[in-house]
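Subject: A structure for you to look at

Hi,

Here is the structure I promised to pass on to you. Have a look at it first, and then read my notes below.

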Amino acid sequence: GHLETGSATWRERVEISEVAVSLKKKTTVGGDGTTPLMETLLGGTLPGVTLVDGESLLRAVRRPKSADDLHGIRRAVGAAETCLADAAAGAVAGATERDLLGRFDATMGRLGVTTPAFDAVTCVAGPGLRALPDDRALRTGDLVHLRGGVLVAGWEGVLARTRVVGPATGPQQAAAARAAAELGEVRHACT
């Protein structure tokens with residue numbers, strides 16, 4: 001028999017592997033993006049299963065998107081967009097980074113989405129790279145980095161935005177104008 005794990009989560013991969021073992025014959029399990037750690041863990045847990053790289057197969061069969069695929073992708077991106085917009089709406093002076101994370105997660109729950117693609121990032125931009133929100137209160141003029149993703153019916157929607165707390169300063173407005181102009185040049189070059 002042959003089973004394909006696809007872009008399954010760790011729990012789903014273990015469940016798929018348990019099904020494979022229940023077939024009571026030597027089984028091949030293919031996965032995409034399987035890390036060496038995952039391969040070692042599955043190999044040690046399921047010694048009768050042959051693990052193979054299924055990424056090239058998945059790329060070949062998944063390249064053309066069906067109408068159902070596009071619907072699933074739009075649902076996932078739409079959910080991520082709604083969650084991120086709600087977090088961004090909370091980026092006001094006095095709110096904390098964790099407040100924004102809570103808004104993202106609460107919106108995800110209201111939408112019936114139970115699995116984030118990763119822990120959302122809701123941090124004030126600064127000289128160093130940060131990805132873990134804390135209890136820091138937002139101040140007027142802060143740039144807040146918002147990045148979040150959700151999994152909806154097997155599809156991943158991921159977005160990132162930067163928002164200013166309160167009105168943008170002159171230098172922030174100038175930087176935004178430069179970024180928009182450069183993005184316009186990239187778009188033009190691609191058409």
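In the protein chain, residues 24 or more positions apart account for 59% of the contacts with a separation of 6 or more; contact here means heavy atoms within 4.5 Å. This is a predicted model, where local features need pLDDT of at least 70 and side-chain atom pairs count only at pLDDT 80 or more, while totals for chains, interfaces and linings use all residues. Residues are numbered from 1 along each chain as its sequence is written, and side-chain values use heavy atoms, with hydrogens and water left out.

The overall layout

The protein chain has six helices and seven strands. Helices (H or I, at least four residues) and strands (E, at least two) are DSSP runs, numbered from the N terminus. Read from the N terminus on, the order of elements is β-α-β-α-β-α-α-α-β-β-β-β-α. Of the 191 residues in the protein chain, 29% are buried; buried means under 20% relative accessible area, exposed over 50%, and partly exposed in between (1.4 Å probe, protein chains only).

Thr-122 sits in strand S5 (residues 121-124). Is Thr-122 buried or exposed? With a relative accessible area of 2%, Thr-122 is buried. The side chain of Thr-122 reaches the backbone oxygen of Glu-97 at 2.9 Å. That is a polar contact, meaning a pair of N or O atoms within 3.5 Å; within protein, one must be able to donate a hydrogen and the other to accept it, and residues adjacent in sequence count only if both atoms are side-chain atoms. If you leave aside neighbours within four places in sequence, Thr-122 is in contact with Glu-97, Leu-100, Leu-101, Pro-133, His-145 and Leu-146.

Salt bridges

Side chains of opposite charge can pair when their charged atoms come close. A salt bridge is a side-chain nitrogen of Lys or Arg within 4 Å of a carboxyl oxygen of Asp or Glu, and by this rule the count comes to six.

One of them joins Arg-110 to Asp-86, with the closest N and O atoms 3.3 Å apart. This pair links distant parts of the chain: Arg-110 is in helix H5 (residues 97-110) and Asp-86 in helix H4 (residues 67-89), 24 residues apart. Arg-110 is exposed at 61% relative accessible area, whereas Asp-86 is partly exposed at 22%. Asp-86, Arg-103 and Arg-110 are linked in a network of salt bridges.

Another salt bridge pairs Arg-98 with Asp-135, and here the closest N and O atoms are 2.9 Å apart. Arg-98 belongs to helix H5 and Asp-135 to the loop between S5 and strand S6 (143-152), so this pair, 37 residues apart, also links distant parts of the chain. Arg-98 is partly exposed at 43%, while Asp-135 is exposed at 52%.

Arg-139 and Asp-142 form a salt bridge too, with the closest N and O atoms 4.0 Å apart. Asp-142 is buried, at 9% relative accessibility.

One last spot

Ala-153 lies in the loop between S6 and strand S7 (155-164). Its phi is near 50°, a positive value in a residue other than glycine. Ala-153 is exposed, with 64% relative accessibility.

Enjoy exploring!
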